[in-house]
Every structure is written in C-alpha cells, then in structure tokens.
Amino acid sequence: MKHILKPRKTTFIFILLILSFSVNAQWNIPDYAKNTKLPTEPTYKLTETGKQLFIKNCIQCHGLPGEGKNNTAINAPDLGTADYQSKHNAGQFYYQFNEGMGFMPSFKDKLNKDDKWSITFYVKSFDKGFKITGEKIKAENCVIDFKTEDSARTLIATANIIDKNGISKPAEGVEINFFVKRIFGNLPIGETVITDQNGTAVFKFPDNIPGDENGKIKIIAKFKDSDAYGTAMKSAELNWGTHLHFVNPVLERTLWGPNNRVPLWLLLSFLIVTGSVWLTIFYVVFQITQIKKAGK
Amino acid sequence: MKSKNTHAEKNNKKSTSRRNFLKKGLLAGAGTVLGAGVVGSFDAFAEGGDSIKVLGPDGKILTVDKSHLKEIGARTEAQMQTEGRTGIPGRRWIKVIDLGKCRNARMCVAACQHAHQLKPEQYHVNVLRMDREGETAPFFMPKPCQHCDDPPCTKVCPVDATFKRQDGLVLIDNERCIGCRFCIAACPYSARIFNWTEPRDAEKYKDVEYDVELNVPQKKGTVSKCLFSADLLREEKMPYCVTACPNGVYWFGDENENAVTNGTTKETVNFKKLLKDNAAYVLLPELGTKPRVYYLPEKNRLFPYKYNGSTELKKEHNS
C-alpha cells in the first residue's frame, strides 16, 4: 500500500506547487494601477450594491470577505484579511478583478464599469483606512412589512429606512427571506427576494407547505443580512398551507394496538379455533352421556 | 302524611333538635362555601399590589400583578397516565441522525442517562462503533429506540404495558410492566433495557410521582426504553439527547410539518428534502417495522474515526 501511496502524494504536492507557483507568479500588477483615480466617491449605498453583486459573482470562490470561507485549493484569497487589504489598494484590486489570471476570471466584459467599481468599494470597505462617505444604514432604523394577495398567493414585502427626522424612505436592494413557523424553529421557504427602487419585493408562496387542520400557517419575513439591516421581522397567520388530514393510527384495528383494537380476522380465527375445540369436547361428553342412557 | 305529622307533633322536642342540628349544619356548610368564594373573588380582583415581571410566550418581558398569577401544581399521576397514553394530537415525531457528524462525544448518552435515572451501563441511546465488510471505514452510530410504526414489541406485551401513541411514540408504563421481557426479545434493534437491580439514586427518587413520559422513577424488575423525551415534547422542546449533541448529529421534528430542526445549530430544514439529498436509510427495513428514525450515511466526515488512539476497528478486534 505504502509504496503506491508515496509517489502519488509527492506528485500531487508537486502539481500543487507548480500550480500555486504559476498562479502567484503571473500576478504582475502594473504600477499605474496603484494610482488609478476613483471614478466616483465611494458611498455606503454603492458598497451595498457591491455586496449584492459580490454575492452573485465572487462568493463561490472567495466567500464573504473576512469569513474565511475562501477556496484555498485554487488559491482564492479571503479578500477581507488585513494582509490582503494592505497589499492591494482600490486601483490594484480593480485591475486584478478586471483582467483576471489563472482561475480568476476576467470581468472585463461581464460587468459594466459602475458595477465593477461598486464591488471594488465593497471589498475595500473592509480596509479600515478606506474612506466611505454618505449615510450609513443603521440596523435599528430598518422596518419590514408585507401585505398579502390571497388570489395569487403572493406576498409583497416592503423594506423602509427611517431617517433622523422620522421620515421613512424605501430601501433598495435589500434581501428579504421568508420563513414558516415550525414547532422547533423557522423553516426558510423559497428563494431570497431583493427589493426594487420602491423598496418592495414580490414573493410567490409555494403551495405545498403543510399547515394545520385548517391550513393555517404562520409566515415570517426577515432581512437576510441582519448585520446591516437588523433583526426586524414581520409575521402573519394565513391559511395558505395544505390541510392536515391526521388519521389517528391508534384507533385502527392493528396487530400492535391494545387488546380492544385487535384485528377482526385475528379475533374471528381465534374464536373459531377455540370454539371448535370446545364444541368437540362438548360433543364427546354429550355422546358419552348418550351411551350411558342407551345402556340403561 | 297525617300519621307522620302527628308523629312529628308527638316527638316535637326530639325532632326540632334534629332539625335544628341539620339547619345549623347546612348553614355552616353554606357559610364555608360562600366564605371561600368571597375570599377567592377578593383574591382575584385585588389589584394594585406587588407587580412582578414575567417572561411572556413571545419572549417579551411582561409586568403582571402578583395577584393575577396562579401557581400551576404538578400534574397528578392519573393525569400523566391518561395524557401519556393518548399522546400529542396532530404530531408525528421524527428523528434524523447524521452519521457523518458523530465523533463519539457521548453527550447524548450522558444527557439521556441523567434525565431518565439510568446507570452508566444502561442505555436508552447508545453510540456504537460500526464497521462494514472489507476495506470500509469504521464509524460511530447513535442508536435510540426506532419508535417503529409497526412495533414488534407492543404486539407481544401480555399486559398492555408498552404501547404506541397517536404521535408515533412507543412508550412503556413501568407501573404496569410485569417484567416478562417479551418485548426485549421481540425488539430487533435491541433498544430496550431491563432494570435488573435497583435503579440509580433509588432513595432520592423514592417519593417522586411516576411520569410515564419520563420513566422516572425507574423500577427494579421492569423494562425501560428511549421515549424521545416525551415529557419535553409536551412543552414543545427538543429531546435531551438532541439538544445535548455538540456536533449537530441530530435533527428532530414533526413529519406532519415536513420540517426537522438541528439540535445543535437550531437550523430548520425541509425533512423530505434532507432525506432525499443525503440518501437517508432506516435500520433493518426488511423486517417491515417502519422505523421513525432515519440515518444519513457516514460520508463527508467532520471528524476521522478515532477510538482510544486507534483509527481502525479491525486491528483492535484482531489484537
């Protein structure tokens, strides 16, 4: 076993070494990239948009920045680490991400310039030295609400941000998840929905969620990113679930049930067998008495 | 009538005294009832006294007048017996065990033994070391009662001590059990144990009211088994073993709701999808017992198999 395994292991490590060497060797970011001028001021709103795009395009290999869920097998770095942030400023990151190299695809034609910059701002927001302007969304200022359309079984969720003056304005690009209440926890249903510029998102309720006898079900809406938008939630009881047809198995006549619920075939065959034995005995006794009578 | 009246007149003195006695007695009785009622109503409406904070059902802190609170006494044994026999309506309890996550931490075993007054060598749930044929990898397998839908054990009980409830649980009544151990012989999963000796801390549990949903106090000479912690399910809590697991091995839930919740991570998932995605199986399906415990295969291990420093079961057996 050992003599087969050893060379395999070494070749594997060798291939990995070559791969990592080649991957690392080719990242030569030109000096001008460092001095790239930012097209716009980075704002919190742009980083939010960037985050949504990051989740769609980058999360598979890199994971969310700072969470360490990056794919190390293909040398995809965690973009949130202080080490990465210190070595790449916004321009350098934009260059890497635009050009691509090895496993890292080029996003030159895949995303437009604005989107690419908002992703860049999102990634750079993990650098403490990177200045972001604008109003930061405070978690406690976000409210969630939904109304129902019974005919189409649709939920229309709205997310609003309440500013300092108490005026609420729609929150765009917020991810909302829907849950149904189950006995030990909340079961997520369907896909995550994202609010549009009016702060609303439409969710089609699936029609195979089990409810109680009357189809009653408790639906809960929550923000997906509770760090940014808080734990605000809204719940409602609807009768959109499937009706529960509970058949109490104990009331059926089964072999495993109690004595008074014995299956009829068993009861009948028992009575027939014991009955015929006793009848035979009675018949014999009767015949004996008849013999006695005849002898008299 | 007439004769009776005259008779009464004749013995006037005697009958009056008897009547008076009855009257007095009646009055006294009514007085006590009325008094108790008045006191009770005063009790219920006395407001403005001490207010205390209580945890509401939705997790909010509520301020309640002390006089409005009622102490809920412990359930009587008769109550526990009837409720324990019928089960919780509308529920079908289900357990899923993910073998890829078990590393023999045995926290489930400890929590179970603690709750059900068991000795260290008595198991309602045990973690077994398993090995298949040939070059397969050994793994750990927690094995509770399978709470079969067609249980062989209840079929053989001569005294109706072990029974199946509407919510799918198979329980045993130690007060009724005569210790014949037919059920132990009938169970293909060896899920049942017998109290050969006095149970653990028998003195301590001496005066505890018997709860059929907890099998406590245990009784010498009777059979005991895993109950899916029926006492906790009544309070809408997950079983002792499920919440005790540090590695997320156990999923527990209601089949009617088609959802199971992980005892460690508290994540709730679609029950049927979980079984489908992970190629779940049941133990000894060929017997037709229809178990309510599902196993997810021992793949994508979180921890490599290791027991007493050895990573192979076979070597241990050969030595």
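In the predicted model, Tyr94(A), Trp117(A), Phe121(A) and Phe130(A) are joined into a cluster by ring pairs. Over all chains, the search of the whole structure finds 22 aromatic pairs. One of them is formed by Tyr122(A) and Phe126(A), whose ring centres lie 5.4 Å apart; the planes stand at 85°, so this pair is edge-to-face. Tyr122(A) has a relative accessibility of 6% and counts as buried, whereas Phe126(A), at 33%, counts as partly exposed.

A pair in chain B has another geometry. The ring centres of Phe140(B) and Tyr305(B) are 4.8 Å apart and the planes are at 25°, so the pair is stacked. Phe140(B) belongs to strand β5 (residues 139-143) of chain B, while Tyr305(B) sits in the loop between β13 (293-296) and α10 (313-318) of chain B; the pair thus links distant parts of the chain, 165 residues apart. Both Phe140(B) and Tyr305(B) are buried.

Chain A and chain B are in contact through 17 residues of chain A and 28 residues of chain B. About 1900 Å² is buried between the two chains, with 65% of this area coming from carbon and sulfur atoms. On the side of chain A, the most area is lost by Ile183(A), Phe184(A) and Trp256(A), which together account for 43% of what that side buries.

Between the chains there is 1 salt bridge. A salt bridge joins Arg182(A) to Glu257(B), with the closest N and O atoms 3.9 Å apart. Polar contacts between chain A and chain B number 4 residue pairs, both residues being at pLDDT 80 or more. Strand β5 (residues 185-194) of chain A gives the most to the side of chain A that touches chain B, with 4 residues. By type, the residues on this side of chain A are 12 nonpolar, 4 polar and 1 charged.

Technical notes. Residues numbered from 1 in each chain as written. Chains lettered and ligands numbered in written order. Predicted model: local features only at pLDDT ≥ 70, side-chain atom pairs only at ≥ 80, totals over all residues. Heavy atoms only, no water. Contact = heavy atoms within 4.5 Å. Buried area = accessible area lost by both parts, 1.4 Å probe. Salt bridge = Lys/Arg side-chain N within 4 Å of Asp/Glu carboxyl O. Polar contact = N/O pair within 3.5 Å; in protein donor to acceptor, adjacent residues only side chain to side chain. Helix = DSSP H or I, 4+ residues; strand = E, 2+ residues; numbered from the N terminus. Nonpolar A, V, L, I, M, F, W, Y, C, P; charged D, E, K, R; others polar. Phe/Tyr/Trp six-rings, centres within 6.5 Å; stacked < 30°, edge-to-face > 60°. Buried < 20%, exposed > 50% of the residue type's maximum accessible area, 1.4 Å probe, protein only.
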